[in-house]
Amino acid sequence: MVLLSFDIEEFDMPLEYKGEIPFDRQISISQKGLERILDLLKKHQVKATFFSTVVFAENSKHLIERLLSEGHELASHTWFHSEFEEKHLKESREKLEELFSAKVTGLRMPRMMPVNEMAVEKAGYSYNSSINPTFLPGRYNNLKVSRTYFKEGNVTQIPASVSPNFRIPLFWLSFHNFPLSIYKKIASDSLKKDKYLNIYFHPWEFAEIKDVAFKLPGFTVKNSGIDMVERFDEFIGWLKNKKYSFGTFQEFQKKIES
């Protein structure tokens, strides 16, 4: 099973690099990218999971309603993208359920931040996909964490996929910067080894973000916008030709626990 997921959030990454972007543009850029993602998923008739901040969801109700109506799953990306308190775990899940009358069972922390797992369980989640089981200088050092799903208390941990050897991450930056043939090879190796693939992206990757005011490094904007749409379109087509199935995290959790 292929688990496609998207962290749908206010596009505040320029602020990390001392760039400038007003809030309304943070939202509109992510909205544009999300529209393109939904169009691609509809074209290929595949389902995905969307981890949304409450801030983005409140400002994009029509798009959240669309993704739910098209069979996708809504999960929590907490309340804000760049501000977190432990109380946001429960509050964000309940607010998303209230806004959209959808059952929210999954969590992904912004920027894959560490989180108290007892608090995650207490907040009512049944799965958490907030671990990138690799080493990335300045960001992650999770080489001792299981590279495949495992149980922690009553919560199923579903780490992002990495290669079977050397734990090369298959996250969004790899997709943008590796030759697509290399990315496909690593994804194929991971699927053969683990029988599933968990890869994540963001809506702003599919929008136009090459703006000098954002001050974003070249490796973050490479193959973005329409280039990303075309690249992702080819990748999904390749997976479908390989006869892989696609599903939501809720479907995956049900399958592995049945």
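Modeller: A nonpolar core is a set of buried Ala, Val, Leu, Ile, Met, Phe, Trp, Tyr and Cys residues joined through side-chain atoms within 4.5 Å; buried means under 20% relative accessible area, exposed over 50%, and partly exposed in between, with a 1.4 Å probe and protein chains only. The model is a predicted one, in which local features need pLDDT of at least 70 and side-chain atom pairs count only at pLDDT 80 or more, while totals for chains, interfaces and linings use all residues. Residues are numbered from 1 along each chain as its sequence is written, and side-chain values use heavy atoms, with hydrogens and water left out.

Biologist: Which residues of the largest nonpolar core touch the most other members?

Modeller: Among its 70 residues, these are Leu-4, Phe-6, Phe-50, Phe-201 and Phe-232. A second, separate core has 9 residues, including Met-1, Phe-51, Tyr-196 and Phe-252.

Biologist: What is Phe-50 in contact with, sequence neighbours within four places aside?

Modeller: Contact means heavy atoms within 4.5 Å. The partners of Phe-50 include Phe-6, Ile-8, Leu-34, His-72 and Glu-73.

Biologist: Why is Ser-188 called buried?

Modeller: Its relative accessible area is 11%, which is under 20%, so Ser-188 is buried. Ser-188 is found in helix 8 (residues 180-194); helices (H or I, at least four residues) and strands (E, at least two) are DSSP runs numbered from the N terminus. Neighbours within four places in sequence aside, Ser-188 is in contact with Trp-238 and Tyr-244.

Biologist: What makes the crossing of helix 8 and helix 10 right-handed?

Modeller: A crossing is right-handed if the near helix is turned clockwise from the far one by less than a right angle, and left-handed if anticlockwise. Helix 8 and helix 10 (residues 226-241) pack at about 35°, with axes 12 Å apart, and their crossing is right-handed. Axes are lines fitted to C-alpha atoms, for helices over the stretch in contact, and angles run from 0 to 180 degrees between N-to-C directions.

Biologist: Arg-167 and Lys-195 both have positive phi; is each buried or exposed?

Modeller: Arg-167, with phi near 55°, lies in the loop between strand 9 (155-157) and helix 7 (172-177). Its relative accessibility is 16%, under 20%, and therefore Arg-167 counts as buried. Lys-195, with phi near 70°, lies in the loop between helix 8 and strand 10 (197-201). At 61%, which is over 50%, Lys-195 is exposed.
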